[in-house]
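Welcome! Please take a moment to turn the model around before reading on.

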Amino acid sequence: MILSHFSTPKPLVLILCLSFSGSLFATTNTWTQQGALCHALPENNQNLPTAQSSGGDKLHANATRITADRVAGQTQTQHHAEGNVIVERNNETLNANWINYTQTNDTIRAGDVFTLSRSENQTIRGENLNYQLNNGTGSAHNTEFEINDGTRRLQGISSHLEMQNQNQMTMHDVAFNTCNAGDKSWYIQAASLHADRETGIGVARHAKLVFSGIPILYTPWADFPINGNRKSGFLVPTLKIGSDGTQMDLPYYLNLAPNYDATITPSIISARGVRIGSEIRYLQPSFSGSLNTMYMPQDKRSRFNHRTEINLQHQHQFNNKWQGGIDYNQVSDDDYYRDFYGRNEIATNINLNRKLWLTYQNNMYGQPLHAEFMLQKYQTLSDAQGNKNKPYAMLPRLTAQWHKDFGNSSHFAINAQFTHFDHDSKQAGSRVFIYPSLQWHYQNNWAYLKPKIGIHATQYWLNAFSGSPSHRFSRVLPIANIESGLNFERQTTLFGKPYLQTLEPKLFYNYIPQKAQNHLPNFDSSENDFNYEQLFRENIYSGSDRINASNSLSIGLQTRYLNPNTGQERFRAGIGQKFYLNHDNVLLSGNISKQTRNRSDLTAFANGWLHPNWYTDLRWHWSENSKATQRFDAGIRYNPQAGKVVSLRYKYGRNEEIYSNFYSKLQHIDLAAQWPIKSNLYAVGRLNYSISPRRTLEQTAGLEYRNPCGCWSASFVAQRYAKDLNGYKNAFFLTLQLKDLSSIGNNPYEQLKLGIPGYTKTNEVFHK
């Protein structure tokens, strides 16, 4: 029957059909008794079944349609229906064994069991429903509920449920989680839960977290987002055990506004003391950034107190032409990273960047102009032996770049830069250079030719230093080179799969006259690593203080294997060498020397997928002088699927800097793996060992488990690594991750990702 929502009763139209038969479901007691383990459900029964509609025509707004097997005891305003009852109104559908409907106030009593679907993402099943259709209020007993917004799923059961309106519900004696249907491996049990879809907040009272049937956390009050949105409150504490004893962090999150927030983290390190950290993030249409701070007033294990760390990142878009930013980093003492961070952070944070920059982009004569103003200075930390090599500060640096194309084959570019270099203990001064160049580009389907000419002009103004008066120098060097190459292709197969293979020979002739530069300072130049790419650069030095002498021809040969359908590169390999047409050379010191040989060292590389499951990476540097390998890096990785990876890497250096100003032979072996040892249980490990000198650099071992339904995962990882020449640090990570809720413990993911090539988070591993 269809009942239109008017103030006066309307005649009844009865529709008889066979449609839906409800069934009882789990009660709260059933959840707590059977909630220890996940049990998989059939693919077509993963979610709580929604109420079934009648399939009739679409209703007008606020009209009510009742479909049932039979109707009994009807009056003008009271209606009773039995047998597969379906009630439809707006975006709500109700299925029940029987209903009593009062038309005057739009009230329904339904039983013995019912299923109510409210909108597209909310379903409630239960017993003995009292419900008011016009405002969505009501109550029910022994209910099972599901709220699913497409990104997050909340499911649970309660002994009594109250619906305040379409968006607010209160459940009493409730158990709930964010897992898939049928998965009760963990849940939160509470005296009450109030869920508000408008604010996206759920509030639980007298709540305890039950994991595998065992209560592990309790709180008298907790609120949390039910739709994935942010909200203020305590985050799950993290726990770490290591060389500094036990460390516990208790972060409190402040959702100050949709576009900025903050996190305050008090923590205690048992062997050191208490500290407090903060993170502030902000986002506006024209600027964004973050500020991170850490403060420890007293450190029982250090000679330093009042230990601090500051990291500021800010980006600002003033308009479509001007943008700028700040990158500022500071710690209170030289030991800070060695005491509080891992081996990778210690190695990469020797010079802490402090930079302010402003860029300008616009068109000039129809072509892009890029200009930058920058102030940069570093905080340099000494190593464990007290050695420190502080770079020059640039106060300021002004850079401009402009280029213009003439037709399809000519390209003019000009780079200019002014920098004032400042240093506490080295000679300061200013440098300006200008480098105009003109390049032609000719190509067809199988070959290309790129001649280039340019002039590099440099002027220095050096300050008085160590009794020497101020003075100035200049340097002007012409630069000419020609790059050419061929590209041959053929269809081939590798391990039974079709590929497009290329063969790419390449020549690069480079001419720069020799000019002594030992009277010039070295503010920012260093020699680049020798590799295949370096053979085809006009200058072997970075920076602008040193320009090599060159009359040379570089020869390279490269091959690539491409997917014939998509063009995706799967593998490449190459070999190359440089031949000197004269023997002049400019050293990093600026002195002129004579080459003792007529060709450079030999370099080769290979990297990519040799097989769908095998990846290799190889780099080789052969020394012509010593007739021996100078450097050799080789790695191979077996990765048949996500969560299964074994990698082996060998690194050799004939004369490498082992630590500050100490050079010797370097040999490292790095073995890493992630592998399932049984269903959903994974072993992870890494051994990074130095053969020369003999020392273990890092050891990592652990177990990771993901429950079959994917609602939680746990890991235990132990790590030991060298923090300096003589000292080691230990760390133990125990993590419990709950789907769409949070993680408990200190997550070792970043350490595992860096140490194990191809590592995949265990809770993201899904196999067919």
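**The whole chain**

Keep in mind that this is a predicted model. The protein chain contains four helices and 48 strands. Of its 768 residues, 43% count as buried. The chain exposes about 38,400 Å², and carbon and sulfur atoms supply 54% of that.

**Inside: the nonpolar core**

In soluble globular proteins, nonpolar side chains tend to be buried together. Here, the largest nonpolar core has 42 residues. Leu-94, Ile-99, Phe-114 and Trp-186 are the ones with the most contacts inside that core. Let us look at Phe-114 in particular: leaving aside neighbours within four places in sequence, Phe-114 is in contact with residues including Leu-94, Ala-96, Ile-124, Leu-129 and Ala-140. Arg-125, Glu-127 and Asn-128 are also among the contacts of Phe-114.

**Outside: a nonpolar patch**

Now to the surface, where a nonpolar patch has about 840 Å² of accessible area together. Its members include Phe-495, Leu-610, Trp-614 and Trp-675. Strand S42 (644-659) and strand S43 (662-678) each supply at least two residues of the patch, and S43 gives the most, with three. Trp-675 lies in strand S43.

How accessible are some single residues? The table gives the relative accessible area of three of them.

| Residue | Relative accessible area | Class |
|---|---|---|
| Trp-675 | 30% | partly exposed |
| Thr-359 | 6% | buried |
| Arg-397 | 14% | buried |

Thr-359 sits in strand S23 (residues 351-364). Apart from neighbours within four places in sequence, Thr-359 is in contact with Lys-321, Trp-322, Gln-323, His-370, Ala-371 and Glu-372.

Arg-397 belongs to strand S25 (residues 393-406). Not counting residues up to four places away in sequence, Arg-397 touches Glu-372, Phe-373 and Met-374, among others. The C-alpha atoms of Arg-397 and Met-374 are separated by 5.1 Å, although the two residues are 23 residues apart along the chain. Gln-417, Phe-418 and Thr-419 are also among the residues that Arg-397 touches. With the side chain of Gln-417, the side chain of Arg-397 makes a polar contact (3.4 Å).

Key
Residues are numbered from 1 along each chain as its sequence is written. This is a predicted model: local features need pLDDT of at least 70, side-chain atom pairs count only at pLDDT 80 or more; totals for chains, interfaces and linings use all residues. Side-chain values use heavy atoms; hydrogens and water are left out. A nonpolar core is a set of buried Ala, Val, Leu, Ile, Met, Phe, Trp, Tyr and Cys residues joined through side-chain atoms within 4.5 Å. Buried means under 20% relative accessible area, exposed over 50%, partly exposed in between (1.4 Å probe, protein chains only). Contact means heavy atoms within 4.5 Å. Patches are made of residues with over 30% relative accessible area and no salt bridge: like charges are joined within 9 Å, nonpolar side chains (Val, Leu, Ile, Met, Phe, Trp, Tyr) within 5 Å. Accessible areas come from the Shrake-Rupley method with a 1.4 Å probe; for residues, only the protein chains shown count as cover. A salt bridge is a side-chain nitrogen of Lys or Arg within 4 Å of a carboxyl oxygen of Asp or Glu. A polar contact is a pair of N or O atoms within 3.5 Å; within protein, one must be able to donate a hydrogen and the other to accept it, and residues adjacent in sequence count only if both atoms are side-chain atoms.
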